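Biologist: Before we discuss the terms, please show me the sequence and the model. I will then ask what lies behind each label.

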Amino acid sequence: MNASISGAAPSVLAPAGVEAGLLGELGWVLISGAAAIFALMAGLLAWAVRRGGKPPPHTAWWVLGGGLAFPVLTLSALLAYTALRTAELQQPGTQAPLVVSVTGRMWWWEVRYRTDDGQEVRLANELRLPLGRPAQIALQADEVIHSLWVPALGGKVDLIPGRVNHLRITPTQPGLHRGQCAEFCGLQHAKMALHVQAMPAGDFKSWLRQQAQPAASRAASAELLARGRQAFLRQGCASCHSVRGVADGARLGPDLTHVASRHALGAGVLPNGPGALRRWLVEVQALKPGARMPGYAHLDATTLDALGAWLEQLR
Ligand code: CUA
């Protein structure tokens, strides 16, 4: 995976959010507890071997204490600790959460935000979240079960057709955090990444305001771009993809209104940049075999250039 779109290696050992921090603490306490008990048992075993099989003094005390009281006490303590700590993940905080909806599709993520004035904004394969504010993510699926896991930010939650699951994450460190589908969901399960960009609240606000705008209107200014726009409509792209302000309503494929502003194409398959969208049009079935978009290698180079140029200015 290209480093520029994968961000730091996703790791539960490097939490970048409140919930992931709590889960990390939980993990360390359980691992330390297990290690301490293992060391104690190894010590007792060594002692028993050194005694050459002679029974210890107070045999009944060892059986009742070591075989019953000790495991009951330690396991109850660890159980109570994990139950209390994980319950905190469900408790509503004092701060109003940002509500985002993520739908698992085959094989990409549809992301929906609502702006303060109630407008719905559809995006794909990329979540941007403000730092320090909890985000309540409503998880749904269309056809099959997926599972969302962003190791640096929180636990893993399934997306199940017909129900809505919730995941709360509160990013505390800025940066790009890679998430991945963690439940086998078909041919391209492995190529189903979701990038989470944690950013200062002010930047997030202006980003969302920008994403709520219709597609860039300078489309028709140059001849090349006008041809690209025309090709988009003529080749039937708009039967699957929406570009707000150009052709709205299609929901089968990712909304492309601001596709050029995303880090990657095809749910983490191809880093976005000059030429990437044109390449995707031609090589989609080689880059992501089985993706529900056909390749457009049959189009002539002029049309592909125009289409690529037009898509690339949808920032
Ligand atoms: Cu979606 Cu695996």
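Biologist: Why is Ala-267 called buried?

Modeller: The model is predicted, so local features need pLDDT of at least 70 and side-chain atom pairs count only at pLDDT 80 or more, while totals for chains, interfaces and linings use all residues. Residues are numbered from 1 along each chain as its sequence is written, and side-chain values use heavy atoms, with hydrogens and water left out. Buried means under 20% relative accessible area, exposed over 50%, and partly exposed in between, with a 1.4 Å probe and protein chains only. Ala-267 has a relative accessible area of 1%, so the residue counts as buried.

Biologist: Where is Ala-267 found?

Modeller: Ala-267 is in the loop between strand S11 (264–265) and strand S12 (270–271). Its phi is near 60 degrees, a positive value in a residue other than glycine. Strands here are DSSP runs of E with at least two residues, helices are runs of H or I with at least four, and both are numbered from the N terminus.

Biologist: What makes Asn-125 buried?

Modeller: Its relative accessible area is 10%, which is under the 20% limit, so Asn-125 is buried. Asn-125 also has a positive phi, of about 60 degrees, although it is not a glycine. The residue is found in the loop between S3 and strand S4 (126–130).

Biologist: Why is H5 called roughly perpendicular to H7?

Modeller: Helix H5 (residues 223–234) and helix H7 (residues 301–312) pack at an angle of about 95 degrees, with their axes 7 Å apart. Angles under 35 degrees count as roughly parallel, over 145 as roughly antiparallel, 65 to 115 as roughly perpendicular and the rest as oblique. The angle of about 95 degrees falls in the range 65 to 115, so H5 is roughly perpendicular to H7. Axes are lines fitted to C-alpha atoms, for helices over the stretch in contact, and angles run from 0 to 180 degrees between N-to-C directions.

Biologist: Which residues make the contact between H5 and H7?

Modeller: Contact means heavy atoms within 4.5 Å. Among the residues involved are Leu-224, Arg-227 and Phe-232 of H5, and Thr-302, Asp-305 and Trp-310 of H7. The residues of this contact divide into eight nonpolar, three polar and three charged.

Biologist: How many bridges join S6 to S7?

Modeller: Three bridges join strand S6 (residues 146–149) to S7, and the two run antiparallel. In S7, Val-157 is the bridge partner of Leu-148.

Biologist: What makes a group of residues a nonpolar core?

Modeller: The group must be buried Ala, Val, Leu, Ile, Met, Phe, Trp, Tyr and Cys residues joined through side-chain atoms within 4.5 Å. The largest such core has 35 residues, and Tyr-113 and Leu-127 have the most contacts inside it. S5 gives the largest share of this core, four residues.

How values were computed. Nonpolar A, V, L, I, M, F, W, Y, C, P; charged D, E, K, R; others polar. Pairing = 2+ DSSP bridges.
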